[in-house]
Amino acid sequence: MASETKIVNLAEEAKLAREGVKAPSYALLTISKSLLAGGVAGGLSRTAVAPLERMKILLQVQNPHNIKYNGTIQGLKYIWRTEGFRGLFKGNGTNCARIVPNSAVKFFSYEQASKAILQLYRQRTGNEDAQLTPVLRLGAGACAGIIAMSATYPMDMVRGRITVQTEKSPFHYRGMFHALSTILKEEGPRALYKGWLPSVIGVVPYVGLNFAVYESLKDWLVTSNPFGLVQDSELSVVTRLACGAAAGTVGQTVAYPLDVIRRRMQMVGWNHASSVVAGDGRAKAPLEYTGMVDAFRKTVRYEGFGALYKGLVPNSVKVVPSIAIAFVTYEVVKDVLGVEIRISD
């Protein structure tokens, strides 16, 4: 039914193009469908792995002179024992508030960027049947990721600080809006974008490769059908889940050191974070980074190269189901909404 709907949609678009007529209501429905599907995908996937996400961030920024979390399992047990069930999901509300618009904008921007890049590519090559190459998909994915990340970065910065709060922290943000107002008052508006540069750089391998690998794998399976997984030109949910898992693994491995640096830069300037962020190797005072390169240099100098991969284990465990669920949910929800729109007309 979903494939029939896509054929109907394409036929209507071709008819409108021939007649030179635009349909604002149809465009609005299409845009709304993409935004809603992306939002649902992002919120559901992040909530499913929230305990692992918090564990990752705590391992990334904890003071090496005051180790509380020695690993994923021990860390989760420690959180359960000291903070209870709710502690496992600390920061998830802010994360969902951020990730829903982030995912919505990201998925929608990717579709629009892909269409624009494909149109230019066909004009340059003179081949109206040309399709996006993996490199062009990488560009579309990177553009979408940068737009979405920049639009919601202050919420991510706040989420990072709320996540590392514990019951024994000397100061507590009461929520997202309290954290935003406190940071603006005490540190200024620029503080809301601490760690933005490594985030932008990390978007290229992380988001770009996620989209490129996923789309390329999906197209390859549909075209060649090497294992008999394609039926009626459609991949099953399980197959799309595997494609999403592979895409997520590649993206997170390449970009992970930049994520560690981003989180550490977000903690700089926080007066109440001395018991959390990394010390300088001689004292327990928090580091003051002058920039991304300085953060890389001091992290490697005082804690070794392995510090750039702190929290990689819980991140590896959570990124596969997280990305896979996000991609599959997006496509399923979009197909469902497409069917509903066609039936209601």
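What pLDDT does the protein average? This is a predicted model, in which local features need pLDDT of at least 70, side-chain atom pairs count only at pLDDT 80 or more, and totals for chains, interfaces and linings use all residues. Residues are numbered from 1 along each chain as its sequence is written, and side-chain values use heavy atoms, with hydrogens and water left out.

**View 1. Confidence along the protein.** The average pLDDT of the protein is 78, and 83% of the residues score at least 70; pLDDT is the predictor's confidence in each residue, from 0 to 100. Confidence is highest in helix α3 (residues 50–61), at a mean of 93, and lowest in helix α1 (residues 2–19), at 34. Residues 1–26 have a pLDDT below 50, and this stretch has 17 contacts in the model beyond near neighbours in sequence. Contact means heavy atoms within 4.5 Å. Over residues 339–345 pLDDT also stays under 50, with 10 contacts beyond four places in sequence. Where pLDDT is low, the predicted coordinates should not be read in detail.

**View 2. Helices and strands of the protein.** The protein has 11 helices and 2 strands, arranged along the sequence as α-α-α-α-α-α-α-α-β-β-α-α-α. Helices (H or I, at least four residues) and strands (E, at least two) are DSSP runs, numbered from the N terminus. Among the contacts with a separation of 6 or more, 76% join residues 24 or more positions apart.

**View 3. Helix α5 against helix α6.** The axes of α5 (residues 92–125) and α6 (residues 134–164) come within 7 Å and cross at roughly 165 degrees. Axes are lines fitted to C-alpha atoms, for helices over the stretch in contact, and angles run from 0 to 180 degrees between N-to-C directions. The two helices, α5 and α6, are therefore roughly antiparallel to each other, a term for angles over 145 degrees. Sorted by class, the contact of α5 with α6 has 16 nonpolar, 9 polar and 5 charged residues. Nonpolar covers Ala, Val, Leu, Ile, Met, Phe, Trp, Tyr, Cys and Pro; charged covers Asp, Glu, Lys and Arg; the others, Gly among them, are polar.

View 4. G208 lies in helix α8 (residues 196–224). G208 counts as buried because its relative accessibility is 0%; buried means under 20% relative accessible area (1.4 Å probe, protein chains only). G139 is 69 residues from G208 in sequence, and their C-alpha atoms are 6.6 Å apart. Leaving aside neighbours within four places in sequence, G208 is in contact with R137, L138, G141, A142 and V203.

Terms used. Parallel < 35°, antiparallel > 145°, perpendicular 65-115°, else oblique. Buried < 20%, exposed > 50% of the residue type's maximum accessible area, 1.4 Å probe, protein only.
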